[in-house]
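Okay, thanks for coming, everyone. I'd like to walk through a few helices and a couple of single residues. Let me put the model up first.

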Amino acid sequence: MKTLVFLEHHEGKLQQDSLGVLGKAAALGGEVEAVLLGEGVEQLAAEAGKFGASRVYVADDVLLAAPLPQPRVDALESLVNDGGHDTVLFAASVLSADVAAGLAARLGAGLNWDLTDLVEEDGRLVGKRPALGDAVYVDVGWTSEPRLALIRSGTFEPAETGGSAEVEKIEPRLQDFSLAARMVEQAHEESEGPSIEDADVIVAGGRGLGGPENFALVEELAKALGGDAGWYPYAAQVGQTGKTVSPKLYVAVGISGAIQHKVGMQSSGLIVAINKDPNAPIFEYADFGVVGDLHEIVPKLTELVRARKAA
C-alpha cells in the first residue's frame, strides 16, 4: 500500500487532525508519504517526518497561498498519477472536503467520508463509519484505486514516531480554470478564545445552566482545572452540527447528552457528567456521573480541585 496524506496547515502550523491521520497511515504500514501545498510552507515539512511520513512533497507557490480547492486538486491529481499512490487520506475540514471531492471526480475514484477508523482485513483496506446518528457502525470499502477517504475530525491523536522525512519539491501543473477564482477576503471567527478542538480539558455547559449569566460556574471550574473558557458562540458548540473534540477530560455540566451531542465528544478520554436528571442519556456513556443540582455540585467541585492543587 502506498499512501499519500494531505497535510493542512494554518498560521504556520500543521493541523493536529492531519498529523493524527498521518500517524494512523504509518501504523497501517506500507509506504507513507505526505503533501504540503501553500506559500511559505517548506519549513513545516520536517515536522511531518516525526509523525510517520517517509517523504513529504512540497509545492511552495504564491498561487497556492489562498485556501482555494481547485489549485490543490490540480496539484494532487498530477502527484497521485505520477506517484502511483493507491490511497489518499484527508483529515476532514471545509477545505479538505472540497479538495477530496474534486480529486475524486478528476480521478474517477471512490471517496468514503466521515470515517472513524481504518483497518486492514484479509488484505483489504476497510473504513469504519458511523450511521443512523452514530447508533451503529458500518464497514465501507472501495471498488477501485486510488482509494480516497475523509477522516472525521478529532478521530486520531498525533503520535510522534521519531522518524525523518525526505523533502521533495514539486511544481504543480495548474489549470487556467482553477486560477479563475480569487479570494478577496478571508473571514475569521469572532471568538478569541482557545481552540476547543486542541484542548486537553474541556468543561462544557448546556441548557441546564439556564443562560449565559450562569456560565460563570463552568468558567470557574475550567480555570481551576487549568483551562480557560467563555460563553462560546454557536461556531464553537460541540455536536453533530458543531465541533468534534477528543480531550483527555470532558466535563459535561447540565448537558442531557442527546445523540447529536454524543457525536461530537464520544472519543474523549474521560467523560464526567453532572445532571439533575438521572435518566439523562449522557449517563449511558459517561465514565463518571453525578446526579444533582449543578448549582450546588459545581462550586463544591471547583473548591475541591483548587484545594487539591494547593496541596
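This is a predicted model: local features need pLDDT of at least 70, side-chain atom pairs count only at pLDDT 80 or more; totals for chains, interfaces and linings use all residues.

Before anything else, a definition: buried means under 20% relative accessible area, exposed means over 50%, and partly exposed is in between, with a 1.4 Å probe and protein chains only. Residues are numbered from 1 along each chain as its sequence is written, and side-chain values use heavy atoms, with hydrogens and water left out.

So, Val218. Its relative accessible area is 0%, so Val218 is buried. You'll find Val218 in helix α5, residues 216-224; helices (H or I, at least four residues) and strands (E, at least two) are DSSP runs, numbered from the N terminus. Contact, by the way, means heavy atoms within 4.5 Å. Setting aside neighbours within four places in sequence, Val218 contacts Val203, Gly205, Leu209 and Val253.

Next, Thr3, over in strand β1, residues 2-7. Thr3 comes out at 3% relative accessibility, so Thr3 counts as buried too. Ignoring residues up to four places away in sequence, Thr3 touches Ala25, Glu31, Val32, Glu33, His85, Thr87 and Leu89.

How far apart are the end C-alpha atoms of helix α1, residues 16-28? They're 19 Å apart, which agrees with the 18 Å that 13 residues should span at 1.5 Å a residue; the expected span is 1.5 Å times one less than the number of residues.

Now the helix pair. Helix α3 (residues 69-83) and helix α4 (residues 94-107) pack at about 50°, with their axes 9 Å apart. Axes here are lines fitted to C-alpha atoms, for helices over the stretch in contact, and angles run from 0 to 180 degrees between N-to-C directions. On the α3 side, the contact includes Pro69, Val73 and Leu76, and on the α4 side, Leu95, Val99 and Leu103.

Staying with α4: its buried residues include Leu95, Val99, Leu103 and Leu107. The buried residues of α4 pack against β1, α3, β6 (87-91), β7 (110-115) and β11 (147-151). And just past α4, Gly108 has a positive phi of about 65°.
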